[in-house]
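Here's a quick briefing to read alongside the model. Keep the viewer open and click through the residues as they come up.

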Amino acid sequence: MAGRDSRRRARSRGRGLGACQEGVGLRRIHGRAAGLAHDQLRLSQRPPYVAVHVPDSPVPRRVVGGRSSSPRGGFACFCGGCDARHGGVYSSSLVLLTVGTGTYARDPSSSQVQGGRTTDKERARVRLRIPALFVAIALVGSALVAGVVVWSSPTGAQGDNEPATEACDASTAERLDLYAERINKNRIGYGLEPGKPTVPGPTIEMTEGDCLAIKLHNATTKKVSLHTHGVDYTTRSDGTSLNRSCVRPGRSRTYVWQAHLGSMRDDNSVEPGSAGYWHYHDHCRGGAHGTGGIYRGLFGGLIVRAPDDPVPDVEPCVLVMIGTTFNFKRGPKTPLCQANLGQRAEFVVITHGDLFHTFHLHGHRWADTRSGSLEAMDDPSRVIDNKTTGPADSFGFQVIAGERVGPGAWMYHCHVQNHSDLGMAGIFLVRNADGSMPPGAQQALDKFKRHDH
Amino acid sequence: MAGRDSRRRARSRGRGLGACQEGVGLRRIHGRAAGLAHDQLRLSQRPPYVAVHVPDSPVPRRVVGGRSSSPRGGFACFCGGCDARHGGVYSSSLVLLTVGTGTYARDPSSSQVQGGRTTDKERARVRLRIPALFVAIALVGSALVAGVVVWSSPTGAQGDNEPATEACDASTAERLDLYAERINKNRIGYGLEPGKPTVPGPTIEMTEGDCLAIKLHNATTKKVSLHTHGVDYTTRSDGTSLNRSCVRPGRSRTYVWQAHLGSMRDDNSVEPGSAGYWHYHDHCRGGAHGTGGIYRGLFGGLIVRAPDDPVPDVEPCVLVMIGTTFNFKRGPKTPLCQANLGQRAEFVVITHGDLFHTFHLHGHRWADTRSGSLEAMDDPSRVIDNKTTGPADSFGFQVIAGERVGPGAWMYHCHVQNHSDLGMAGIFLVRNADGSMPPGAQQALDKFKRHDH
Amino acid sequence: MAGRDSRRRARSRGRGLGACQEGVGLRRIHGRAAGLAHDQLRLSQRPPYVAVHVPDSPVPRRVVGGRSSSPRGGFACFCGGCDARHGGVYSSSLVLLTVGTGTYARDPSSSQVQGGRTTDKERARVRLRIPALFVAIALVGSALVAGVVVWSSPTGAQGDNEPATEACDASTAERLDLYAERINKNRIGYGLEPGKPTVPGPTIEMTEGDCLAIKLHNATTKKVSLHTHGVDYTTRSDGTSLNRSCVRPGRSRTYVWQAHLGSMRDDNSVEPGSAGYWHYHDHCRGGAHGTGGIYRGLFGGLIVRAPDDPVPDVEPCVLVMIGTTFNFKRGPKTPLCQANLGQRAEFVVITHGDLFHTFHLHGHRWADTRSGSLEAMDDPSRVIDNKTTGPADSFGFQVIAGERVGPGAWMYHCHVQNHSDLGMAGIFLVRNADGSMPPGAQQALDKFKRHDH
Ligand SMILES: [Cu+2]
Ligand SMILES: [Cu+2]
Ligand SMILES: [Cu+2]
């Protein structure tokens, strides 16, 4: 358990700053706008980022070294809903992002670390230390929260004669508004506020155990929807015309997603948790499969973390391979992913449309697993730096920027030769540890910028 | 070991009903014919299903939780070949299917369960409880069965100067007849009886340890064959013109397949067992690679189970992605896969031809593993709901129908947008637990039927 | 731990023969030339093979059965650099190959085995037994070796303000010369000597812990480079025009690659070792992504082994799927892969260009893992005989030739039907254990040769 414990300790912890003060437990980030022209903003290189707060969980999901472990002493309460039911103890782990600079905002209290090193660069994901004593109370409290029929039983055997509702209790869920809106003649995007659609849409982060209710406002002239991969949703939140869950122009509809913890079923088979690198997209515009919406830009990344998953030090870089572009951009206009040497960077790669691609990153590798990492020294999974991917596939991984290879301008590109030659390539800039430019990197960036496709 | 034991107990067990009484240890199922027109039958939405009986095995292959285990007390004898060699104890685990209704027939004795719950809905896969005492006898008996040279040594070092025979002893194998026959101008199918070819051909199920001899009768006007993936076969049963194992028109030929248990080799490397979601197809018609046979429909699913693999509660849904169709059908004529809420449903997805696809299922996920399930809570494998697949790939998985998401009409489709828009989509209908239609599902089915491609 | 120990013992070990005597720790093999015409040689069915010597490692990487283990008693010293720092004990494990015959040369001392069986067929990879006492000394010694700034810290945090150098110390690395040279109007190849380019280029083998410096001589009329996958290299050795690491005509440049051992990072996450089936290729000719170089033949295989990985009994068969060919050949001119019954054969499959393929091998299967093998009986990984692969993907696996299926002419082919019909197929000839031809195999080869595409 030493490995597990120190891994857990290696994360910075502290008291949440203002998550519950805000009353919604969620902060939307629009900082990217500063200094950018209108279309630049909305056809952003990288999408805005929004994180549902991250509760500690009574059921640990992943462990280092292949050993299972006992329940850990932590739980979450939802901001705006925390009271004596939960023992009067608040836990907050809101991720605060300053998107414009691509780094996490620092929590003043994050230096209050239980163990491991912490620096200014360290992630400010904050969590409250909760005595194990409160766990039982919390679990009882959780059960009391549920006031409506939800499809939460592991066997799905409950409520089968009830009208279909949602996968989790929308009345107490985290809430988010999303606006589908036209950007220009060719593009439509999802945005967190009216007038601010982007392509890709906002990157949404959940943690296993979260319930999220997203109200989609359709400000376009045709029906659109929100269909997601990976997490739980009933037919009501399917986002298909088949299940009558599209949104007509000028109307809105709330979609409810649940990210559940992994567990053992009654028959001792494993029910995987919802953790994964997923994505959401329209499934209504331009046909039964949302082809019209997808090709206009109605898609975005969804990251679901297991409670013990490491979090990146910098904003995830979301790359959508569609046509022969990343995020409808060809080099040199493709997203510039960035991290400082030694930081834990994160890539989310989504494919859409009709073509198959191979995603390649120079100088770095990842494991072909759920998390992109090996879980133990004897994990037999493939380690790769090139991955075949087809429409609606998504995967992601974290790398230690420049690990063993140093800083510099590292290319990412589709390795289908005619795709890369058309400009399906971009740069992962690994700066020096202090954030300064490494030798040769500026020249490489300049060279890349001159190389128009 | 508690997990493993209870998992094993969770399966219904009992005394076999008539498997050995029938004398062949195998029942062929043709029930699908009822009420269907001729071409409907043969270009069936879902293929017939045939199961080689499932012996208990002295060598356990998969365990829960990453721990290895000791040999378990069970073994099989082949029906029609059971005698004192095996200690006089019969073990039968024939799967009886009433294909027309899509549910397993119930074994009257299956209520005789060792542990765990059992209900009318529970699978009727029946096994005899065998005292561990008989295991040694059984192992000796197994060795005596082999009367001919077979390629059964783990290192393949035996008999290398003998004429090539078969991978296992065809003289004592389970036997099956298969008929290759024209259906209409465009289609040829394999069938279990003359006059009853289907596309896909019958789904064949084996368990590790089985030897199966299939006599293929060629009722077409060109040479055809039976080439399989995954299991063991010598060049005699390769089903290629290269190895002179095609069948000329009007002739027949017996192909012998072996499904072996996993084991450790002498050098302590692992020899994987044969378990997997495989498939078989023609390799002779229209060229050296059977392209003509494949495009006419000469293919089918092959499921090989490890002894401890969970079995589905309903007939597997076999979906062959070929051209821009499933089973040469476009929506709304694509297969309707069905299960009741909470039942363990099984999908087998095979690709053939020239195109690459991505298979997506709404509301459900699976693991990218051999079985489609995680083997332990710390299994790092990818959990997905969308998988890139190319010609002759095959994969499968089981889901708990509607788990956490409830019943309803859930779409499956290729996620290549122009493929789905052409109609490469179908429905996985999750009924209520009592088999009744959930709210909105009939409307969804009606809507889907009106949406002709 | 019994399984692990015996697995380790099952390898032949002994004192190296002449690796350090040669002074470079590396032998280049050019034996393939004998009896072949010029173009036949250079458009070889299978590439030459060169192995960096294989040091024992103080950090074991893979274990059988999912259990981690303690450091083992072994280490390596580099030939030409071995001295008292390392305790005065030499360890050598150079692979000697007689490429012309496709078998490893035997080490006279390889009968000096610690345990397990050994035969003439057994691999002659030789290692010295090192008392565990020397491990600590070796580790200290290793640190002293580093005389220049290298990017070797797990966190990459060191030296971030130093000018970028190389991933490991080129001054003490193993060295190799590679020559890029025109073969004919359409082809350019890499060769180990001037005048001997081949397509694919030489197969290079490294072991985790190796540092390799490759001096590329450009004897063509346009710039070319050496870009590799999987191993560590700084931007200096990126082999891209972006990072100004191309080689102009008539010039040379040294590229430095490091293969590192897996380890646990400070935060208890796993840093995977470099082991894998990788490849290298040009990234400069005909555009920013080397499309011109790749389509002319500038690519080759790179095998990196973990210290405990089993080694094949015969030369790896490297198959590059490009266009609708293997190694720019269509059947019957595709590579003839060969092994005797029971030998451990190895396949390396690389894809290049613009097309996606599915690689299928008859009669044999592998695991979709890093090594192609399951690591334990409960390893949940997929076992496959058909794999979807796209440009710049690479994978590999070992099979026991003819295991359970006997000898004969087994087809490998792309399973995209129009690709195989165009001739994208070849033969894996499994001879009898004594090397003689099995019944029917010659007829099959003859038949294949007559079947021109
Ligand atoms: Cu591409
Ligand atoms: Cu498709
Ligand atoms: Cu192909």
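A:P380 counts as buried in this predicted model, because its relative accessibility is 14%, under the 20% cut-off for that label. A:P380 sits in the loop that runs between strand 20 (366-367) and strand 21 (383-384) of chain A. Take A:H352 as a reference point: 28 residues separate A:P380 from A:H352 along the sequence, and their C-alpha atoms are 29 Å apart in space.

**Another buried spot, this time in chain B**

- B:H279 is part of strand 13 of chain B, which covers residues 276-281.
- Is B:H279 buried or exposed? B:H279 counts as buried, since its relative accessibility comes out at 0%.
- Leaving aside residues up to four places away in sequence, B:H279 touches B:H227, B:T228, B:H229, B:G300, B:G301, B:L302, B:I350, B:H352, B:A392 and B:S394.

- A:F328 has phi near 60°, which is a positive value in a residue other than glycine.
- You'll find A:F328 in the loop between strand 16 (325-326) and strand 17 (336-340) of chain A, and A:F328 counts as buried because its relative accessibility is 18%.
- B:N327 isn't a glycine either, yet its phi is positive at about 55°.
- In chain B, the loop between strand 16 (325-326) and strand 17 (336-340) holds B:N327, and a relative accessibility of 1% puts B:N327 in the buried class.
- There's a cis peptide bond going from C:G331 to C:P332, with omega near 10°. C:P332 is in the loop between strand 16 (325-326) and strand 17 (336-340) of chain C.
- A cis peptide bond also joins A:V199 to A:P200, with omega near -5°. A:P200 belongs to the loop between strand 6 (197-198) and strand 7 (201-207) of chain A.

**How the copies are related**

- Chain C goes onto chain A with a rotation of 120° and 0.0 Å of shift along the axis, at an RMSD of 0.0 Å. The two copies are therefore related as by a three-fold rotation axis.
- Superposing chain C on chain B takes a rotation of 120° with 0.0 Å of shift along its axis, and the RMSD is 0.0 Å.
- Here too the copies use different surfaces, with 10% of the contact residues of chain C recurring in chain B.

**Chain C against chain A**

- How many residues does the contact take from chain C and from chain A? Chain C gives 72 residues and chain A gives 59.
- About 5100 Å² is buried between chain C and chain A, and carbon and sulfur atoms give 54% of that area.
- The count between the two chains is 4 salt bridges. One salt bridge links the side chains of A:E403 and C:R265, at 2.8 Å from N to O.
- Polar contacts between chain C and chain A come to 28 residue pairs, with both residues at pLDDT 80 or more.
- Elements of chain C that give two or more residues to this side include strand 11 (263-264), strand 13 (276-281) and helix 4 (291-296). Strand 22 of chain C has the largest share, with 3 residues.
- By class, the side of chain C that touches chain A has 22 nonpolar, 32 polar and 18 charged residues.

**Chain C against chain B**

- This contact draws 61 residues from chain C and 72 residues from chain B.
- The area buried between chain C and chain B is about 5200 Å², with 54% coming from carbon and sulfur atoms.
- Which residues of chain C lose the most area to chain B? They are C:M377, C:R382 and C:R404, together 18% of what that side buries.
- The interface of chain C and chain B has 4 salt bridges. In one salt bridge, the side chains of C:R344 and B:D267 meet at 2.9 Å, N to O.
- Strand 24 of chain C gives the most, with 5 residues.
- By class, the side of chain C that touches chain B has 23 nonpolar, 23 polar and 15 charged residues.

How values were computed. Residues numbered from 1 in each chain as written. Chains lettered and ligands numbered in written order. Predicted model: local features only at pLDDT ≥ 70, side-chain atom pairs only at ≥ 80, totals over all residues. Heavy atoms only, no water. Contact = heavy atoms within 4.5 Å. Buried area = accessible area lost by both parts, 1.4 Å probe. Polar contact = N/O pair within 3.5 Å; in protein donor to acceptor, adjacent residues only side chain to side chain. Helix = DSSP H or I, 4+ residues; strand = E, 2+ residues; numbered from the N terminus. Nonpolar A, V, L, I, M, F, W, Y, C, P; charged D, E, K, R; others polar. Buried < 20%, exposed > 50% of the residue type's maximum accessible area, 1.4 Å probe, protein only. Least-squares fit on C-alpha atoms with pLDDT ≥ 70 in both.
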